[in-house]
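Welcome, and please open the model in your viewer. We will go from stop to stop, selecting residues as we go.

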Amino acid sequence: MNRTLSGLLLGLVGAVLILLPLWANSGLVFLAGTTMVVGVFALSWNLLFGYAGLASFGSGGLFSIGAYTMAVMLRGGFEGQFLLLIALSTLVGGAVAFAIGFVALRRSTGIFLAILTLALAELLRITLAKIHWLGAEDGIPSIVRPNFSVGLATVDLSSGNHYYWFMCFACALLVGLCWWIAHGRFGRTLRTIRLDIERAAFMGVDTHRYRLVAFTISGAIAACAGALFAPWAQIVTPDIGNMMRSTQPILFTLLGGASSFWGPMIGAFLFSAIEFSTRTLVGIQEIITGAILLGVVLLFPTGVAGAWNALVARLTRREEAKIAAPALQTVKE
């Protein structure tokens, strides 16, 4: 029952997102596209936190690396190789994450790793703000949405809502990749390490290598999300990787539920819905948003996804009890 309901809800949400430009205004479409990207960004962070047990507060820096790489290459006139640019941005983000993880994971864990990654992200933001070639604090504006060829076909993402639908497709692929990683052998090993790292090491698991690979994959997906976001926003500034960006996936994961694969994505859409519904309450929007988030976190410690799973499990047990009761009565007779 749980899987059937979850599948139906997932299909319904997917259909609404795909059909959204046909009936919604451009502002709502932009919000939905942004939420999809930051939802994928949050999923990549939870691969690190929920599965490997590592907390990074600097994932916004990797998001900005992907966005800046894409912006610079598009400004350089390489829009015809857009798919390769996405791969390049992903590789750059993955390489930077590997370099940081290779040094940091052997020397720091827990809160020390979180503070170290936060410091590195802030250092990157300040550095970007000083480089005039990258627009300094003004960033890179007027980023074009590409028009490229795939074989004999031409893909035009510059007009209408074509880029939105491309993002739907790209985000679905990234979510599928995250699902495959989280539910495969690699994901199961990461969960074992998170639960008891000493026992995993005793069983012969190279815990450092697995954590380093998880750190690299998480960084690469975060950079890929940033690369998708740059043409969507059509501007990147150093603030795209600031502390608020780094705390976004943490907030989404707490809101949606760290123990659920879909928790960060649910948290992203729920947070956007709260912000959108309170957008006219100027001056008290932050207070109301904060109060709602605090209430949700206190009422549902396992997040919205955890509460949903508990509700479905309870209903399933009740239905099974109803089916079993007449059978037991027949046996007694």
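Which element gives the most to the lining of the largest pocket? It is α1, with 10 residues. Before selecting anything, note that this is a predicted model, where local features need pLDDT of at least 70, side-chain atom pairs count only at pLDDT 80 or more, and totals for chains, interfaces and linings use all residues. Residues are numbered from 1 along each chain as its sequence is written, and side-chain values use heavy atoms, with hydrogens and water left out.

**Stop one: the largest pocket**

Select S6, L9, L10, W262 and I266, which lie nearest the centre of the largest pocket, among its 30 lining residues. A pocket here is an open set of points on a 1 Å grid over the protein atoms alone, where a 1.4 Å probe fits, with protein on both sides within 12 Å along at least five of seven lines; lining residues have an atom within 4 Å of a point. Now colour α1 (2-23), α2 (26-51), α6 (162-183), α11 (263-277) and α13 (303-332), the elements that each give two or more residues to this lining. Such helices are DSSP runs (H or I, at least four residues), numbered from the N terminus. The pocket holds about 1200 Å³ of space, a volume being the space filled by probe spheres set on the points, which are joined across faces, edges and corners. Its lining has 21 nonpolar, 8 polar and 1 charged residues. In this count Ala, Val, Leu, Ile, Met, Phe, Trp, Tyr, Cys and Pro are nonpolar, Asp, Glu, Lys and Arg are charged, and the others, Gly among them, are polar.

**Stop two: the second largest pocket**

Next select R245, Q248, F252, F271 and E275, which lie nearest the centre of the second largest pocket. About 400 Å³ of space lies there, and α10 gives the most to the lining, with 6 residues. The lining divides into 9 nonpolar, 6 polar and 3 charged residues.

**Stop three: a helix pair**

Show α6 and α9 together: they pack at about 175°, with their axes 11 Å apart. Axes are lines fitted to C-alpha atoms over the stretch in contact, and angles run from 0 to 180 degrees between N-to-C directions. The two helices are therefore roughly antiparallel to each other, a term for angles over 145 degrees. To see them meet (heavy atoms within 4.5 Å), select residues including Y163, F166 and L174 in α6 and I221, L228 and W232 in α9. The residues of this contact divide into 16 nonpolar, no polar and no charged.

Conventions: Parallel < 35°, antiparallel > 145°, perpendicular 65-115°, else oblique.
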